[in-house]
Amino acid sequence: MKFLRNSEAVIGVILIAAMILIGAVNPAFWDLDNLFSLLQSNIVIGIMALGVLLVMISGGIDVSFPAVAVAGMFLTVHGMLLTQYDGVLLPFVVATLIGVLLGGLNALLVYRFKMIPLIVTLGTASIVRGLILGIIGTSMINIDRFPKVLINFTKSDIYTVVKPDGTTSGMTSMLLIYLGVALLIHIILKYTMLGRSVYAMGGSAESASRVGFSLKKTTFFVYCACGALAGFAGMLHSSMIWLCNPRDFVGMDMQVIAAVVLGGASIFGGSGSVIGTMMGVFMLVMVKNSLILMKVETTWQLVVLGTILIVATAFSAKRDRKSRT
């Protein structure tokens, strides 16, 4: 059936069915506070997933982005405290540039030395986390020391509802940043030659090279973009929770990759979309949210997430084998 070949349509139907089922089992799912919290939980993981999407479409893999996010936010916030800097734009630019540099290191090792992306990014992740914890330290920067300018930046809401008891519930304006990043990546992938080169490289690197695409430029673009989005997302995460913990994002690589695969991206490269990835992120966050509402222990949540990753990967592999035969 033509409908089943459209990954986004299939994911959309599954997502709606899952929402109806979860809402029927636990009506608390439809509370405004929970829905706003659900959307807010999509922001950081969603921005990271968009970077991983680029790498996966190109036929690579990156598991270093959680460490890059930690480096971006921890180094930047420490720098703000040391210099007494009181601004918003520059810290986000610095965190993003740190991500670009670390992503460039991944790209250099993958392209120049023809190393396996998984091994490279595992290694750089370990090195970055080790250096951060060893040189800067393991102390968390709590709300008392955290820059107030960043706290104020993330306090604004785009929509606020007054509940019957007089309290308010709001949807953070940071959602607009996530949507803006998603739109930018969508435009790049769908309407630019750079985006076409990413798909071409993922489909067949040799064929892409023969038709004139630069594998070097494409490799550096996807890994630097992934690093940039990770650094930016790390800074946004820190600003939204009002603290900076160097041990954050442990295990985030599995969740993000699961969301991207769940959104229809191929584990072999050459396919994937921004819309599918956003739906995959929403579905994964929704499942985690529902498990929390049902008071399922954290250990069992990991079991569920691991199962989702295996099932999504198996489905992706089966679909890709059929499309190549």
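**Stops along the chain**

Begin at Gln-84, which sits in the loop between α4 and α5 (helices being DSSP runs of H or I, at least four residues, numbered from the N terminus). This is a predicted model, where local features need pLDDT of at least 70 and side-chain atom pairs 80 or more, while totals for chains, interfaces and linings use all residues. Numbering starts from 1 along each chain as its sequence is written, and side-chain values use heavy atoms, leaving out hydrogens and water.

Check the backbone of Gln-84: phi is positive, about 60 degrees, though the residue is not a glycine. Gln-84 counts as exposed because its relative accessibility is 65% (exposed is over 50%, buried under 20%, partly exposed in between, with a 1.4 Å probe and protein chains only).

Next, select α6, residues 117-136. Its 20 residues reach 27 Å from first C-alpha to last, close to the 28 Å expected at 1.5 Å a residue (that is, 1.5 Å times one less than the number of residues). Now colour its buried residues: Val-120, Thr-121, Thr-124, Ala-125, Val-128, Arg-129 and Ile-132. They share one side of α6, because they cover an arc of only 150 degrees around the axis (taken from the directions from the axis to the C-beta atoms). Just after the helix, Gly-137 has a positive phi of about 120 degrees.

Last stop: Phe-249, in the loop between α11 and α12 (252-262). Phi is positive here too, near 70 degrees, in a residue other than glycine. Buried or exposed? Phe-249 is buried, with a relative accessible area of 8%.

Key
Helices (H or I, at least four residues) and strands (E, at least two) are DSSP runs, numbered from the N terminus.
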